[in-house]
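Please look over the sequence and the structure shown below before reading on.

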Amino acid sequence: MLEEILDYYNVHQALERVERNKGSHGIDGMPAKSLREHLMNHWSSLRDQLAKGTYAPEPVRRVEIPKPNGGKRKLGIPTVTDRFLQQAIAQVLTKVYDPTFSDHSYGFRPNRRGHDAVRKAKSYMKEGYRWVIDMDLEKFFDKVNHDRLMRTLSERVKDKKVLRLIRRYLQAGVLEDGLVRPNTEGAPQGGPLSPLLSNIVLDELDKELERRGLRFVRYADDCNIYVRSRRAGIRVMNSITRFIEKKLKLKVNHEKKKKCSGPPLETKVSRI
């Protein structure tokens with residue numbers, strides 16, 4: 001798989017994607033516009049490190065952006081070199097995983113948009129499923145269990161160098177207030193790889209909801225489940241909460257779960 005990641009066409013596509021997206025610089029201060037020249041001068045050395053399994057990603061740069069509810073979302077911005085490598089990895093992994101993802105999953109996937117998720121939700125309502133369970137995963141990107149994620153990846157990814165590189169990205173650390181804080185859990189938002197890894201983690205939730213015959217729509221870590229009655233909603237909410245916390249080792253926001261009103265991204269049962 002590493003050979004496929006380092007294939008000329010794949011890395012060229014990754015380079016163009018990073019240049020097109022631009023974005024902020026990482027801890028080394030290099031802008032996206034300098035990436036092409038940097039790779040022309042250092043690609044041979046970089047490729048050699050990747051082939052030998054000695055490449056070590058840089059820590060991400062911590063930034064905060066405002067959330068609609070007044071809070072702040074923490075992002076981890078990789079260097080443009082690491083964004084380029086993550087993009088190259090993500091492109092290959094997407095070919096492996098995306099065809100097997102649930103039809104009910106819409107976030108961070110090729111040829112799928114938020115409008116598609118809205119249309120699916122409306123179709124459920126027309127069928128009479130007018131009670132919705134809003135599942136809110138507490139700080140999802142900060143809580144992903146590394147060991148569990150790596151076990152899941154190893155079921156399909158057999159190249160140990162690729163697995164080792166992904167784990168290094170997960171554990172690269174965060175530069176904040178001049179100090180590097182190690183990562184023991186989570187997949188920092190801000191790099192091209194994290195959205196795909198989040199879908200790989202939550203695909204297990206999708207498959208469980210499908211196994212139970214439930215109607216749902218998931219966009220990244222936001223999941224809405226549609227049922228016919230409040231009683232069914234409460235039963236499903238409690239059952240799925242147990243599955244998420246015990247099986248997936250993630251945390252549902254129980255503070256929001258206790259409330260029956262408030263922002264739309266809370267875990268509650270409400271009628272549409």
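D147 is partly exposed, with a relative accessible area of 44%, where buried means under 20% relative accessible area, exposed over 50% and partly exposed in between (1.4 Å probe, protein chains only). This is a predicted model, in which local features need pLDDT of at least 70 and side-chain atom pairs count only at pLDDT 80 or more, while totals for chains, interfaces and linings use all residues. Residues are numbered from 1 along each chain as its sequence is written, and side-chain values use heavy atoms, with hydrogens and water left out.

The partner of D147 is R167, and the two form a salt bridge whose closest N and O atoms are 3.2 Å apart; the term stands for a side-chain nitrogen of Lys or Arg within 4 Å of a carboxyl oxygen of Asp or Glu. This pair links distant parts of the chain, since R167 belongs to helix 8 and D147 to helix 7 (residues 146-154), 20 residues apart. Helices here are DSSP runs of H or I with at least four residues, strands are runs of E with at least two, and both are numbered from the N terminus. R167, with a relative accessible area of 26%, is partly exposed.

By this rule the count comes to 13 salt bridges. One of them joins R119 to D116, with the closest N and O atoms 2.4 Å apart, and both residues lie in helix 5 (residues 114-126), three residues apart, about one turn of the helix. Another brings together the side chains of R215 and E127 at 3.4 Å, N to O. Because R215 lies in strand 6 (residues 215-219) and E127 in the loop between helix 5 and strand 3 (131-136), this pair ties together parts that are 88 residues apart in sequence. R215 counts as partly exposed at 29% relative accessibility, and E127 is partly exposed at 41%.

Turning to the rings, a search of the whole structure finds four aromatic pairs. Rings of Phe, Tyr and Trp (its six-membered ring) pair if their centres lie within 6.5 Å, and planes under 30 degrees apart count as stacked, over 60 as edge-to-face and the rest as tilted. W43 and F84 make an edge-to-face pair, 5.9 Å centre to centre with 75° between the planes. W43 lies in helix 3 (residues 35-52) and F84 in helix 4, so the pair ties together parts that are 41 residues apart in sequence. W43 is partly exposed at 22% relative accessibility, whereas F84 is buried at 2%. Y97 and F101 form a stacked pair, with 6.4 Å centre to centre and 25° between the planes. Y97 is buried, with a relative accessible area of 3%, and F101 is likewise buried at 6%.

On a 1 Å grid over the protein atoms alone, a pocket is an open set of points with protein on both sides within 12 Å along at least five of seven lines, a cavity is a set where a 1.4 Å probe fits but cannot get out, and lining residues have an atom within 4 Å of a point. Grid points are joined across faces, edges and corners, and a volume is the space filled by probe spheres set on the points. The largest pocket is lined by 31 residues, of which R17, N21, Q87, P192 and P195 lie nearest its centre. Helix 4 gives the most to this lining, with six residues. Domain 1 (1-99 + 146-184) and domain 2 (110-142 + 196-270) both contribute residues, so the largest pocket lies between them; these bounds come from an automatic or database domain assignment.

The largest cavity has a volume of about 120 Å³, and of the 15 residues that line it, Q86, Y169, L170, P188 and S194 are the closest to its centre. Helix 9 supplies the largest share of that lining, three residues. The second largest cavity has a volume of about 60 Å³, and helix 8 gives the most to its lining, with four residues.
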